[in-house]
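Please look over the sequence and the model shown here. The report that follows takes up a cavity, a sheet and a pair of helices in turn.

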Amino acid sequence: MTSSALSLRVAIVGSGPAGIYAGNLLSTAVAEAGGEVTIDLFESLPAPYGLIRYGVSPDHPRIKGVIDSLHHMLHDGDIRFLGNIEVGRDIALDELRERYHAVILATGALRDAALPIPGIDLPGSYGAADFVAWYDGHPDVPRTWPLDQQSVAVIGNGNVALDVARVLAKRGEDMRTTDVPDNVLAGLESSAVTDVHVFGRRGPSGIKFTPIELRELGEVRDLDIILDDDDFALDADTVPASNQVKVMQRILNSWREREVGQASRRLHLHFWHTPVAVLGHDRVTAVRFERTRPGADGALQTTGEFREYQVGALYRAIGYYGTQVEGAPFDQARGVVPNAEGRVVGETGLYATGWVKRGPVGLIGSTKSDALETIGHVVDDAQAGLLTAPVAGDVLELLASRGVVHTDWSGWLALDAHERALGENHEHRRERVKVVDRDEQVEIASSEVLAR
């Protein structure tokens with residue numbers, strides 16, 4: 001196949017940043033090669049944007065500004081958005097592969113990595129991803145969340161742990177200007193939480209936060225931030241790894257100088273703690289940790305000193321685990337699709353990008369460069385004549401024959417407008433109020449499809 005004859009039909013599974021960037025880059029790459037491409041973007045949810053819509057804390061409108069650029073990529077019409085279609089349920093991956101030259105998996109990582117310690121499955125022990133999905137209004141999680149314990153633990157020293165801790169520490173009225181659904185707002189307003197304990201294995205110089213996230217924590221009203229001077233003494237001889245770490249150390253040290261004791265809620269930052277067991281019989285009552293310390297070679301060492309903290313709930317925020325697509329190879333240990341630079345190992349015409357390709361690490365910039373690598377191989381394979389021509393016909397005909405009701409881009413615009421109207425008319429006047437119920441989302445969005 002020569003570049004002048006390049007004509008592709010490609011399916012992308014997943015409409016988060018990884019999938020949308022891949023589609024946009026593919027469209028550009030094929031155009032530059034003098035060819036043409038038809039791209040269908042499949043999403044299991046009725047709405048696009050993946051973890052940008054359902055994994056970013058609602059009090060972070062700055063980060064959600066990424067949606068604006070993703071919107072433009074979908075709005076120009078080069079990529080067809082097909083929502084409420086789950087590959088593996090509504091259509092098999094093999095059926096998809098028959099109908100496209102190439103299929104790109106961009107399903108991301110939607111659930112928490114495991115924390116294999118005794119007691120982790122006790123009632124009151126939660127994955128951070130589930131809590132984030134609840135406060136972000138994900139349609140497939142319960143409408144209520146048990147915020148009935150005064151003291152809770154968050155295990156992890158990354159931005160997700162910080163988001164979870166910040167939302168737990170805030171009062172409901174602090175979230176009234178965000179896009180949280182009313183059921184979430186009601187849950188946060190009745191929260192019993194007064195003390196949030198955040199635990200990390202390493203010291204203050206080993207945190208994985210970003211400076212902006214950390215600084216925002218100090219701006220939460222009516223909240224004392226409690227730090228242990230002993231944790232900083234252990235870190236005294238550690239050289240900061242980057243300027244970012246230096247900035248965060250300055251922030252932490254400034255908090256050590258604050259007066260505490262007047263706020264109604266407290267956030268405790270604990271360093272040099274590794275969890276060894278969750279305690280309790282019928283539910284979580286405490287967590288046991290072993291203290292750690294820096295070794296001579298910089299490696300983490302255990303000390304044999306154990307501490308227990310009485311808490312009524314535990315949130316693990318130690319990382320995400322990739323979302324498997326039925327019918328695709330999957331590395332259960334790493335939580336990724338096995339691949340070589342985006343080409344799925346042992347499969348022709350099947351590719352991966354984003355977190356399901358490289359693991360749940362990296363920010364938006366990494367996602368773009370990651371997609372560029374994968375798309376380069378798709379185009380190379382097409383030009384080399386390695387991709388099998390698909391069968392004729394539109395995939396929507398097959399889905400319609402099965403009674404699958406899908407949403408499309410016009411439907412999303414209708415749902416988007418509906419949510420913004422809810423916010424405009426809300427008693428607290430918000431930018432939007434998310435519709436949570438899946439069937440309601442589909443009804444609002446698919447009415448646009450059926451009207452055409």
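## Cavity, sheet and helix pair

The largest cavity is lined by Pro146, Leu147, Asp148, Gln149, Val152, Val193, Ala313 and Tyr315. A cavity here is a set of points on a 1 Å grid over the protein atoms alone where a 1.4 Å probe fits but cannot get out, and lining residues have an atom within 4 Å of a point. This is a predicted model, in which local features need pLDDT of at least 70 and side-chain atom pairs count only at pLDDT 80 or more, while totals for chains, interfaces and linings use all residues. Residues are numbered from 1 along each chain as its sequence is written, and side-chain values use heavy atoms, with hydrogens and water left out.

The structure holds 1 cavity of 30 Å³ or more, and the volume of the largest cavity is about 30 Å³, a volume being the space filled by probe spheres set on the grid points, which are joined across faces, edges and corners. Its lining comprises 6 nonpolar, 1 polar and 1 charged residues, where Ala, Val, Leu, Ile, Met, Phe, Trp, Tyr, Cys and Pro count as nonpolar, Asp, Glu, Lys and Arg as charged, and the others, Gly among them, as polar.

Strands are DSSP runs (E, at least two residues), as helices are (H or I, at least four), numbered from the N terminus, and two strands pair if DSSP finds at least two bridges between them.

| Hairpin | Residues between strands | Glycine with positive phi |
|---|---|---|
| β11 and β12 | 6 residues | glycine 280, about 145 degrees |
| β12 and β13 | 5 residues | glycine 298, near 90 degrees |

β11 and β12 pair over 6 bridges, with proline 275 having phenylalanine 289 in β12 as its bridge partner. Strand β12 (residues 286–294) is joined to β13 by 8 bridges; arginine 293 stands opposite glutamine 301 in β13, and glutamate 290 opposite phenylalanine 306.

Helix α1 (residues 17–32) packs with helix α4 (residues 66–75) at an angle of about 40 degrees, their axes being 10 Å apart. α1 is therefore oblique to α4.

Key: 1 Å grid on protein atoms, 1.4 Å probe; cavity = no way out; pocket = protein on both sides within 12 Å on 5 of 7 lines; lining within 4 Å. Axes fitted to C-alpha atoms, helices over the stretch in contact; angles between N-to-C directions. Parallel < 35°, antiparallel > 145°, perpendicular 65-115°, else oblique.
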